Amino acid sequence: MGRFTVILLGLAGLAFYYFSNQEVNPFSGEREFNAISISQASELGAQSYAQILQQERPNVLCLDRCQSEVARDVVSDVRVIGERLQRAAVEYERDLLAEGWDFTPVSEDFAWTYNVIQSDQPNAFCLPGGYVAVYTGILDVTGNFDGQVTLADLEDPDKLAVVMGHEIGHAMAHHGAKRMSQSQLAQLGMAAVSVGVGDMDPGQRQMVLGAMGVAAQGGMMAFSRQHETEADRIGLELLVRACYDPREAPELWERMGSLGGGQRPPEWMSTHPASETRAQNFRDWMPEYIEMYEANCGPLR
């Protein structure tokens, strides 16, 4: 069997695999590739979350007992924000179903869990299944932004709600499962081409596989940036449904962009859009969401 016949057969198999694992994304209106079920993704999320909590056990606030009243208050505030966003997520999915979107909602069935981890890392995440962690390092960025973390950083919860809504948006849109599926597809494609060019000159073979690897990596980065933008938009929807002020979002991403002296790789070489791009996206979306907020929650001050 000729080299190109082998490659074509492999690519045909990949195309069948790709098109037979499509699902509707109600947040974008498009059909997307996902070969990992909701239950599989949630199980992986639960396993990963348990491992992270075990590794970070001494730093997890109020896991077995609260280390202090301050720790109790921080965890309580984070859980209040999470529960409001969680209710907004359930409402949002119900509204999408009522509009006629054909998809499987997840928010009502997630095992929603919220923990706070003592760390200088300015980060948060929500794993498939609704497993949320907030690192205390993000609280200064979402709070007073004065270089120290105190309870005063939680007096205005809106920016922290932006961060948590974004992370919950990833889980609602199955971004983790879709990234794993895309990575799996790229690996299968590389394997198919590798078999097909097995009889090539070693130098030429290396060039072909290297070029494919670069193209696959670039495609995965673009895919990841698309997910970040989609999670920003979903998070903004949750924000206004939960009656948090959407106007805090652009400033949050300006703050995030200033971390580390503002040094970042070019956007096309990154898995995330530039902070400036994200801040501008929020400004572009803002009129619609201010109107929605005021209809649901009353006038903004």
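1. Asparagine 34 is buried, with a relative accessible area of 8% (buried means under 20%, exposed over 50% and partly exposed in between, using a 1.4 Å probe and protein chains only). Asparagine 34 lies in the loop between strand E2 (30-33) and helix H2 (38-55); helices (H or I, at least four residues) and strands (E, at least two) are DSSP runs, numbered from the N terminus. Please keep in mind that this is a predicted model, where local features need pLDDT of at least 70, side-chain atom pairs count only at pLDDT 80 or more, and totals for chains, interfaces and linings use all residues. Residues are numbered from 1 along each chain as its sequence is written, and side-chain values use heavy atoms, with hydrogens and water left out.

2. What joins the side chains of asparagine 34 and serine 181? A polar contact of 3.2 Å does; the term covers a pair of N or O atoms within 3.5 Å, where within protein one must be able to donate a hydrogen and the other to accept it, and residues adjacent in sequence count only if both atoms are side-chain atoms. Leaving aside neighbours within four places in sequence, asparagine 34 is in contact (heavy atoms within 4.5 Å) with residues including Asn21, Glu23 and His174.

3. Histidine 174 deserves a look of its own: its phi is positive, about 60°, although it is not a glycine. Histidine 174 lies in the loop between helix H5 (158-172) and helix H6 (175-196) and is buried, with a relative accessible area of 18%. Cysteine 62 also has a positive phi, near 60°; this residue sits in the loop between H2 and helix H3 (69-98). Most residues other than glycine have a negative phi.

4. Now to the rings. A search of the whole structure finds seven aromatic pairs (rings of Phe, Tyr and Trp, the last by its six-membered ring, with centres within 6.5 Å; planes under 30 degrees apart are stacked, over 60 edge-to-face and the rest tilted). Phenylalanine 125 and tyrosine 135 form a tilted pair, 6.2 Å centre to centre with 55° between the planes. Phenylalanine 125 lies in strand E4 (residues 124-127) and tyrosine 135 in strand E5 (residues 131-135), so the pair ties together parts that are 10 residues apart in sequence. Both residues, phenylalanine 125 and tyrosine 135, are buried.

5. Phenylalanine 282 and tryptophan 285 form an edge-to-face pair, at 5.4 Å and 80°. They are three residues apart in helix H9 (residues 275-297), which means that about one helical turn separates them.
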